[in-house]
Amino acid sequence: MQRATAHPGDISPLLALPGDLDATRLPRHLAVIMDGNGRWAQQRRLPRVRGHQMGVQALKRLLQLCGHWGISALTTYAFSTENWQRPDEEVNFLMALFEQVLKQELNELDQAQVRLRFLGDLDALPVGLQEHIAQATARTARHDRVHLNVCTNYGGRHELVQVARRLAQDVRQGILDPDDINEARFAKLLLTAGDPDPDLLIRTSGEFRISNFLLWQLAYAEIHITDVLWPDFDQAALAAALRDFQQRQRRYGTVEP
Ligand code: IPE
Ligand code: IPE
Ligand code: MG
């Protein structure tokens, strides 16, 4: 990843926001279901894991573009609570890949002022990966250029159950009145607390489902589904998603003005 510059005029024209996009109407928070790695590899008669490796490059490209174009929060789905059901070989490869990428990329992420967080039930991850996650999280905690959340062993239902459990514990201890539980108090305990809810969800590889991703936070997200497979997701694909987003009329349940 290149170091982002503070002066938009200085950046390479290749990384500039396309002229037909309105810089004042970009999503503040972009969520992405990075799907299609396996099919990308199968189409090329490569092992599925090659697709995961190429998927890392696609994430690096996207993060760099978010930095340059001014999208300040990016939440990506890397491994779901259901993905443990894949063959051991693939699961083990993914865990090793996450650790390797963290090691390789941490300096650049730090320099680019990316705040990195891993969202999910991290206790179930291999201990070595947990340690790298803890180090990377601590080292980048104060950065504010882009908030990158990588959802790892993440499930939306699991996240909601955890919130319910914590609220119930507070009630049991007598420090919370059940009548005081409201949306704002609930949302403060979500893993994404502090970031606005995603404005735009992109899912690659043409699947029309959310697969247990951010069940609460996506309540009013606009959804863009593209046939592009994740390893092929590039600047043109992001621009197409943003163009689609800028054509939407967000009504939040009200009537058109
Ligand atoms: C998404 O790609 C990455 C993970 C779920 C880890 P897939 O591995 O699901 O790719 P497809 O959907 O089988 O093509
Ligand atoms: C969703 O993709 C999870 C990630 C991208 C990490 P899946 O490939 O696991 O979802 P399904 O099985 O098609 O719903
Ligand atoms: Mg998939």
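Start with Arg-48: does this residue count as buried or partly exposed? At 29% relative accessibility, Arg-48 counts as partly exposed (buried is under 20% relative accessible area, exposed over 50%, partly exposed in between, with a 1.4 Å probe and protein chains only).

Before moving on: this is a predicted model, where local features need pLDDT of at least 70, side-chain atom pairs count only at pLDDT 80 or more, and totals for chains, interfaces and linings use all residues. Residues are numbered from 1 along each chain as its sequence is written, chains are lettered from A and ligands numbered from 1 in written order, and side-chain values use heavy atoms, leaving out hydrogens and water.

Glu-90 sits in helix H3 and Arg-48 in helix H2, so the pair ties together parts 42 residues apart in sequence (helices, H or I, at least four residues, and strands, E, at least two, are DSSP runs numbered from the N terminus). Glu-90 is buried, at 7%.

Next, select Asp-35, in the loop between strand E1 and helix H1. Asp-35 counts as buried, at 17% relative accessibility. Show Arg-203 too: this residue forms a salt bridge with Asp-35, with 2.8 Å between the closest N and O atoms. The two are 168 residues apart, with Arg-203 in strand E5.

Last stop: Asp-110 and Arg-139, whose side chains meet in a salt bridge (2.8 Å, N to O).

Conventions: Salt bridge = Lys/Arg side-chain N within 4 Å of Asp/Glu carboxyl O.
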